[in-house]
Amino acid sequence: MEYLPNILFAVILAAGIGYFAKNVKKLIRNIKLGRDVDLSDNKSERFKSMAMIALGQSKMVRRPVAGILHIIVYLGFIIINIEVLEIIIDGLFGTHRIFSGIGATYGFLIGAFEVLALLVFVSVIVFWIRRNIIKLKRFWKAEMTSWPKNDGNFILYFEMVLMTLFLVMNAADVHFQAMNSGNVISQFIAPWFGGFSEGTLHFIERGAWWFHIVGILVFLNYLYFSKHLHILLAFPNTYYGKLAPKGQFNNLESVTNEVKMMMDPNIDPFAAPAEGTEPAMPEKFGASDVQDLSWVQLLNAYTCTECGRCTSECPANLTGKKLSPRKIMMDTRDRLEEVGKNIDANNGEFKADGKQLLGDYISTEELWACTTCNACVEACPVSIDPLSIILEMRRYLVMEQSAAPTELNNMMTNIENNGAPWPYSQMDRLNWKDE
Amino acid sequence: MSEVLKVPSMAECMAEGRQPEILFWVGSAGSYDDRAKKITRAFVKILNKANVDFAVLGTEESCTGDVAKRAGNEFLFQMQAVTNIEILNAYDIKRIVTACPHSYNTLKNEYPQLGGHYQVQHHTQFIDELIQSGRLKLERENTFKGKRITFHDPCYLGRANDVYEAPRALLQTLGVELVEMKRHKKTALCCGAGGAQMFKEPEKGDKDINVLRTEDALETNPDIIATGCPYCNTMMTDGVKVKEKDADISVLDVAELIANAQNL
């Protein structure tokens, strides 16, 4: 019976980590549903942007208030989690504050954790106020209702509760308070429990300890279902972010091959394919569903934490158009999740469900409102590229469905006929010289 | 117009057996749009003044395909690209200067993969270079000195290619009072023309993008709104008209400012 708590702890820990691992596997499988692109190039430059943007939060601080608060929460999150190591060892082996033996350093460490915990608590409160009292516009756009809105608040509640539990755990720990080293914050909470017996205090301390670690495991597993996945995916996402100038859009290779065939006078258009070579099914041009996007674009979708900086800088959105780059990312993720669940339900095979990203999630009205100005790409603190998805879907509309707006069809016909978007003769190209 | 511009074509250069220093890529807007043609002429005047050995493709030039690509028509883009590259490579072109950020971006970033490798510059970069190297001398005393000018960053020059300083450096050379809009450089707001929007009606909304951007500019209380893109120029000019400020505020390309300042 003596080992019951240890066994219970081991079981909870294993279950928490196990379920998380299972979902991570699913996450990776879903991302791999995307088309392959080779991004094994420029490793050092990629590490550099990951170090700057994800680790160094360089783009977060462009908005100083949110940026600095975010850095506090981010640092607090990483550093306080060192404490989780102690909790796990204590839990598994029935020890109590196993690291306290290291002396003054321990006091220093816990003291730092306590200060950070308080700072995180305060920052999270400010975040909550920004969302719910000040009602910053970007948190109240059309796509931020129901789940996305609640998700944002749940995460803040989680963090408030976890930080409180950590401080209460320390405050109610009689031995720790007696050591009087490292209890920089909790010493002010301890008096609240002044009249309590040692037994009650022990009960509170144990309770806070258990809720804290179980809370962390629940939070870990909440990630997969939440926008909060960015705390993990920001790293690979910034690593695989676009390195080329923002204005450079990819050239479709499948199109290059066709164009070269068309332009090559030596190719016999009536030639039968050589013996034994099966003519490859032409790839679909552009994207109508998530499987047509690249795996990076799908990783982008899972990384998006719905902060809305993109949407708040989007010229189309700012002038009341339907387009919201954040919604493009949220829709992509929602559809990808739907496809993933479909695969789970059908023994690993996707069964057509009569739905797709285009139309059922993202409307053509949104797609045609984009000015390709790259404001969203520039604004994203974790290197997400909503524009590339918009372009890929326009390609599908134009090349597979010939469904461009009429004025654009006219413009493209002009280019085909006379090499300019307007219907002027190519022979008049130099007229400006003599006007 | 009275004054005669020297505008040799590549075909003429080839006939004379010489290779010019640069190719001036005029672009479709610069060739056909009445407002943009003035920018083209202003830039040529500067080239002539500095005795730059340049040439144009003239009737052999064709749309870069930028607008088709951004509208989603990758086929048309690549057809245009391959055709243009064939001509550029046949003339053995090494250096291209253009007054259109869309052409600039496409030629510089999207042609190499299709076999077109050139050193490409925006006209503001090239003019800046002419001044730096002493080939073009500007009078410090000029009509624009002390004027309040705000510069609207074209998306395809700024964010797309990180060129922010060259146009500003030129304005500084004129001794103007350069005032920045709240949204400028990396966070500059689009004029609303990019991504093929120039050629279609905007989607339903509560305002036009060019009007919003013009309001940004008007906040700085400028005498002149400067820009470096024919499309931005059209959008901002329209915006100023909507705001009924066209009597007080002019929208000019940086090249026009330089050319006018020198009475070219």
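A residue is called buried if 20 or more other C-beta atoms lie within 10 Å of its own, exposed if 12 or fewer, and partly exposed in between, with C-beta atoms placed from the backbone. B:Thr143 has 12 C-beta neighbours inside 10 Å and therefore counts as exposed.

This is a predicted model, in which local features need pLDDT of at least 70 and side-chain atom pairs count only at pLDDT 80 or more, while totals for chains, interfaces and linings use all residues. Residues are numbered from 1 along each chain as its sequence is written, and chains are lettered from A and ligands numbered from 1 in the order in which they are written. The pLDDT is the predictor's confidence in each residue, from 0 to 100; chain B averages 96, and 99% of its residues score at least 70. For the complex, the predictor gives an ipTM of 0.95 and a pTM of 0.94.

B:Thr143 sits in the loop between helix 7 (123-132) and strand 5 (148-151) of chain B. Helices (H or I, at least four residues) and strands (E, at least two) are DSSP runs, numbered from the N terminus. Leaving out residues up to four places away in sequence, B:Thr143 touches B:Asn260 and B:Ala261, where contact requires C-beta atoms, placed from the backbone, within 7 Å.

Chain B is divided into domain 1 (10-130) and domain 2 (138-261), with bounds from an automatic or database domain assignment. Their C-alpha centres lie 22 Å apart. In the contact between them, 26 residues of domain 1 of chain B meet 26 residues of domain 2 of chain B. Helix 3 of chain B gives the most to the domain 1 side, with 8 residues.

An open sheet in chain B has 4 strands in the order 2-1-3-4, with parallel pairing; strands pair if DSSP finds at least two bridges between them. Strand 2 (54-55) and strand 4 (119-122) of chain B are at the edges with a single partner strand each, so one side of each has no neighbour in the sheet. Strand 3 (residues 95-98) of chain B is joined to strand 4 of chain B by 4 bridges, and B:Thr98 stands opposite B:His122 in strand 4 of chain B.

The UniProt record, an unreviewed entry, lists "domain: Cysteine-rich" for two spans of chain B. Such annotations may be inferred rather than shown by experiment; positions follow the numbering used here and feature names are shortened.

Conventions: Contact = placed C-beta atoms within 7 Å.
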